Amino acid sequence: MAAKKLTVVISQSQSRNPAHRELEETLAAELMMRGDVDVSLVPHLYDLSQAHTGMLFLKSVPGDVVVLSWLYPRAAFWTLDRAGVKGHEGVTLLRSPDDEEDDEEVPSERTGIGATDLPNRKIYTLDLRSAAEPEPYLEEISRIVSEASVQTVDLLGWIQGNPKQEQLERY
């Protein structure tokens, strides 16, 4: 059985800045040439309506997804969540120099109100304003791909048969 590829979505800039377009095109070309991810381009996240084909595509992605956008990572995640693209927030190591999250201490346990029926997938959001060159983004995507391809063991298959409730609680 072939391994499932990670989906990378590049949300294009609203401006016609040639540097922005070049970065987006270089990232898309490099990622497509590597072959270990599926790449898609969509308009800026703020420009996607509920019925837009880009938003319908984002909602239909079954597994983990990396979204590169011209927004702060938290803003991109919230924008996707509000539009119905649900998932758990993936941890990214790429930070911009003016990242406002550096000064905040993130609580280890979420205490706010949020969705309770999240699908079992992660949404990684990267800010395209973090670096002018594609290398940091490519390195972070490579890290996420290697993290997502870790082999796991099916515990139910390991204990064989139909487990009792006490066995399930133990594992």
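Strands here are DSSP E runs of at least two residues, and helices are H or I runs of at least four, numbered from the N terminus. This is a predicted model, where local features need pLDDT of at least 70, side-chain atom pairs count only at pLDDT 80 or more, and totals for chains, interfaces and linings use all residues. Residues are numbered from 1 along each chain as its sequence is written, and side-chain values use heavy atoms, leaving out hydrogens and water.

Next, show strand S3 (65-69) and S5 (122-127). They run parallel, joined by 5 bridges; two strands pair if DSSP finds at least two bridges between them.

Strand S4 (residues 88-89) pairs with S5 over 2 bridges, in the parallel sense.

Now colour S5 by burial. Of its 6 residues, 5 are buried, so S5 is largely enclosed by the rest of the structure. Buried means under 20% relative accessible area, exposed over 50%, and partly exposed in between (1.4 Å probe, protein chains only).

Turn to the largest nonpolar core, which has 21 residues. Such a core is a set of buried Ala, Val, Leu, Ile, Met, Phe, Trp, Tyr and Cys residues joined through side-chain atoms within 4.5 Å. Select Leu27, Val66, Leu68, Leu128, Tyr137 and Ile141, which touch the most other members. Helix H4 (135-148) is one of the elements that each supply at least two residues of this core, and H4 gives its largest share, 5 residues.

Finish at Ile141. Not counting residues up to four places away in sequence, Ile141 touches residues including Val8, Leu31 and Arg34; contact means heavy atoms within 4.5 Å.
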